[in-house]
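Trainee: I have a structure open on my screen and would like to go through it with you. Could we take it step by step?

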There are 2 protein chains.
Amino acid sequence: MSNPATGVTAALGFRAAGVAAGLKTSGKSDVAVVVNDGPLKNAAAVFTSNRVAAAPVHWSRRVIGDGRADAVLVNSGGANACTGPEGFQNTHASAERTAELLGISATDVLVCSTGLIGDQLPMDKLLPGVEAAVQALTVDGGTEAANAIMTTDTVAKEAVRNGNGWTVGGMAKGAGMLAPALATMLVVISTDAVLEPSQLDGALREACRLSFDRVDSDGCMSTNDSVILLASGASGQSPVRTEFQQALTELCQDLARQLIADAEGASHDIAIRTFNAANEEQAVLVAKTVARSNLFKAAIFGQDPNWGRVLAAVGTVPEALAAFDPDQLDVSMNGVQICRNGAIGDSRDLVDLSGREVRVDIDLKAGEAEATIWTNDLTHDYVHENSAYSS
Amino acid sequence: MSNPATGVTAALGFRAAGVAAGLKTSGKSDVAVVVNDGPLKNAAAVFTSNRVAAAPVHWSRRVIGDGRADAVLVNSGGANACTGPEGFQNTHASAERTAELLGISATDVLVCSTGLIGDQLPMDKLLPGVEAAVQALTVDGGTEAANAIMTTDTVAKEAVRNGNGWTVGGMAKGAGMLAPALATMLVVISTDAVLEPSQLDGALREACRLSFDRVDSDGCMSTNDSVILLASGASGQSPVRTEFQQALTELCQDLARQLIADAEGASHDIAIRTFNAANEEQAVLVAKTVARSNLFKAAIFGQDPNWGRVLAAVGTVPEALAAFDPDQLDVSMNGVQICRNGAIGDSRDLVDLSGREVRVDIDLKAGEAEATIWTNDLTHDYVHENSAYSS
């Protein structure tokens with residue numbers, strides 16, 4: 001019988017919970033705990049490459065060093081970033097409290113925080129919240145946990161993939177500062193497959209490369225990005241490597257797509273695909289450069305198929321970093337080839353940008369590689385939410 | 001007696017004009033001509049490093065090759081970028097017509113265009129406009145010319161510096177796509193000093209490096225950026241090299257500052273200064289990275305002294321590219337040190353961001369170099385203007 005639980009508790013061997021500890025002024029849930037009941041306690045994680053990394057990132061990097069993690073503590077309502085030695089002590093104390101309640105070692109407790117940068121966490125609220133969350137742990141608590149890690153997200157994000165006798169499921173939060181390098185935002189994934197830490201690590205890095213690393217909502221890399229993968233081995237099944245890789249990559253792409261669909265203030269999800277690139281790295285670079293053009297993103301908000309701004313962005317990529325002839329570039333939007341050989345193509349009046357999803361295809365005519373980067377438009381609401389951010 | 005004319009006709013030996021040719025739907029002036037009456041016809045220019053360069057940039061790069069230019073033709077109401085062979089032929093035809101009317105060679109006519117990318121210029125309007133502009137040339141036509149090169153600019157931009165018996169003056173247009181590399185936007189500068197093309201070229205590159213290259217309004221590099229410097233020698237004075245360099249640099253900084261003050265939709269001008277950097281290149285890189293953070297720029301729009309977003313942006317600069325210890329960074333806003341040693345400093349309530357000008361000072365504690373980058377906030381009006389761009 002398959003497990004009816006969702007997200008991070010879809011796989012066997014995991015319990016989770018989410019509770020309201022008062023860190024969010026809204027009173028919504030803000031503390032989540034995920035526990036791996038084994039028999040295996042294997043884990044892997046990737047973290048932000050931002051040099052200004054939050055206290056919980058510094059802590060969790062140490063925890064994951066031995067490939068073992070028994071539990072993950074996540075709080076929203078405060079990023080615990082740029083908080084100095086006191087911030088690190090607070091992370092340490094919250095891991096200690098979690099470990100004490102669960103009867104495990106603090107050095108096996110991963111910690112994630114999300115929210116405003118530059119404020120100390122209210123420990124008088126967080127620690128009782130940890131206690132309440134541990135008491136509330138259940139095998140179908142995945143959605144409760146997914147709700148508790150939200151900040152400006154409007155919906156909880158979960159996904160599940162089933163393999164041959166094993167399951168992998170996860171939860172994510174995003175909304176702002178979506179431009180990961182290596183990892184992104186907060187993501188916790190669990191599987192009941194039998195996998196060693198080194199297998200988890202390799203599979204997670206490959207899956208991130210093809211999912212979260214292909215998302216660039218606003219060009220801003222977070223101080224707190226963490227993607228965690230826990231394996232309980234509770235299914236007793238050792239998956240075929242390629243099958244697990246495919247399921248994990250699809251799961252991550254599913255979560256990444258949900259992050260873009262719920263990005264702060266966005267009114268369009270934009271898939272920028274570069275093809276016929278000399279190699280995949282160049283395809284990614286060109287697409288990301290377009291994804292970071294405010295002028296292009298504002299035009300899409302206005303439903304203006306302004307291909308000139310696509311070309312202006314592509315043209316800023318130095319010759320040493322991507323091969324293409326500016327006079328050979330083709331650009332299509334939602335299937336209409338509005339730019340041909342670097343100049344005017346079919347009528348822009350044929351392009352319909354009224355839907356949520358926009359597809360931009362850029363033909364570099366320099367090789368056979370391709371890549372797709374997902375981004376959002378630049379809207380009034382993005383400016384509004386980020387000029388009035390306070391939670 | 002000093003010349004009462006302003007901007008590009010402040011120096012002796014120059015005539016200019018601006019007329020309405022109907023390229024702008026608003027009916028405002030849109031064609032400018034600047035003529036160097038000599039006796040010298042020396043010139044230098046720097047152009048956009050965007051690989052997708054407009055037809056007039058391709059043309060003008062050839063013209064400037066021999067260090068001579070007799071005239072500059074500028075049109076607004078159309079960028080003539082991404083217009084293919086027809087676009088280049090149109091630029092060539094407009095240079096030919098200008099040359100014919102002035103009795104000079106087309107290969108001595110620099111051409112600049114600005115406006116929407118991806119439309120052909122209406123030559124049936126432009127060529128009569130060139131004729132009208134040439135007929136209207138006067139020794140005090142600088143301001144008329146400065147008006148005619150505006151797009152979404154709200155005010156004409158001119159500046160003048162006087163040396164020991166010589167003058168240097170210029171005009172500029174900016175407003176959008178303000179993130180130059182090498183050159184920026186359209187700028188035409190003239191001097192009556194006696195200077196050789198190689199002297200002009202060296203002085204112009206140095207001045208641009210310290211002015212237009214230190215401006216990054218929206219991270220978007222234009223296809224049409226051109227900065228032109230013409231020398232007539234009409235004063236008969238050969239300036240001291242350092243004096244001319246200083247005057248030219250100050251003039252360019254003056255114009256650059258005017259561009260930021262009139263950037264599309266901006267409500268704050270932000271000076272991001274990094275100091276105690278290992279070298280100037282690193283100081284520039286760190287400041288530019290902050291200048292490109294949409295989250296930081298939206299916070300300033302909301303008058304939120306969100307130093308966490310400054311640190312999050314600084315942290316994205318790889319170790320190989322800039323030396324600093326994240327736990328040693330200090331950040332001040334308008335003089336209040338709100339971040340000390342990478343963590344919480346003085347109260348953010350002390351920071352007043354109600355004025356137009358904002359100063360952010362970032363202490364890298366890694367050396368003795370410094371640099372200041374000017375940028376703007378990210379506002380509702382920026383999104384509005386660029387989602388509804390149509391002129």
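Mentor: Gladly! In this predicted model, A:Lys173 has a relative accessibility of 6% and counts as buried.

Trainee: Which strand holds A:Lys173?

Mentor: Look at chain A and find the run of residues 167–173. A:Lys173 has its place in that run, which is strand E7.

Trainee: Which residue makes a polar contact with the side chain of A:Lys173?

Mentor: Leaving aside neighbours within four places in sequence, A:Lys173 touches several residues, among them A:Ile149, A:Thr151, A:Asp153 and A:Thr114. The UniProt record, an unreviewed entry, lists A:Lys173 and A:Thr151 under "binding site". The polar contact, 3.1 Å between side chains, is made with A:Thr114.

Trainee: In chain B, what is the order of the strands in the open sheet of 5 strands?

Mentor: The pairing in this sheet is mixed. From one strand to the next the twist averages 10 degrees. The order is E3-E9-E8-E7-E6.

Trainee: Do strands E7 and E8 of chain B pair in the parallel or antiparallel sense, and over how many bridges?

Mentor: In chain B, E7 covers residues 167–173 and E8 covers residues 186–191. B:Ala172 stands opposite B:Val187 in E8(B). The pairing is antiparallel, over 6 bridges.

Trainee: At what angle does helix H5 of chain B run to E3(B)?

Mentor: Helix H5 of chain B spans residues 197–209 and lies across E3, E8 and E9. Its angle to E3(B) is about 35 degrees.

Trainee: In chain A, which residue does a cis peptide bond join to A:Gly38?

Mentor: Most peptide bonds are trans. For this cis bond, omega is about 15 degrees.

Trainee: What is phi of A:Asn276?

Mentor: Most residues other than glycine have a negative phi. A:Asn276 lies in strand E10 of chain A and is partly exposed, at 28% relative accessible area. Its phi is positive, near 55 degrees.

Trainee: Which residue of chain A comes closest to the rotation axis?

Mentor: A rotation of 180 degrees with 0.0 Å of shift superposes chain A on chain B, so the copies are related as by a two-fold rotation axis. Of the contact residues of chain A, 100% recur in chain B. At 2.6 Å from the axis by C-alpha, the closest residue of chain A is A:His380.

Methods. Residues are numbered from 1 along each chain as its sequence is written. Chains are lettered from A and ligands numbered from 1 in the order in which they are written. This is a predicted model: local features need pLDDT of at least 70, side-chain atom pairs count only at pLDDT 80 or more; totals for chains, interfaces and linings use all residues. Side-chain values use heavy atoms; hydrogens and water are left out. Copies are superposed by least squares on the C-alpha atoms of residues with pLDDT of at least 70 in both. Contact means heavy atoms within 4.5 Å. UniProt positions are given in the numbering used here, feature names are shortened, and annotations may be inferred rather than shown by experiment. Helices (H or I, at least four residues) and strands (E, at least two) are DSSP runs, numbered from the N terminus. Buried means under 20% relative accessible area, exposed over 50%, partly exposed in between (1.4 Å probe, protein chains only). A polar contact is a pair of N or O atoms within 3.5 Å; within protein, one must be able to donate a hydrogen and the other to accept it, and residues adjacent in sequence count only if both atoms are side-chain atoms. Two strands pair if DSSP finds at least two bridges between them. Axes are lines fitted to C-alpha atoms, for helices over the stretch in contact, and angles run from 0 to 180 degrees between N-to-C directions.
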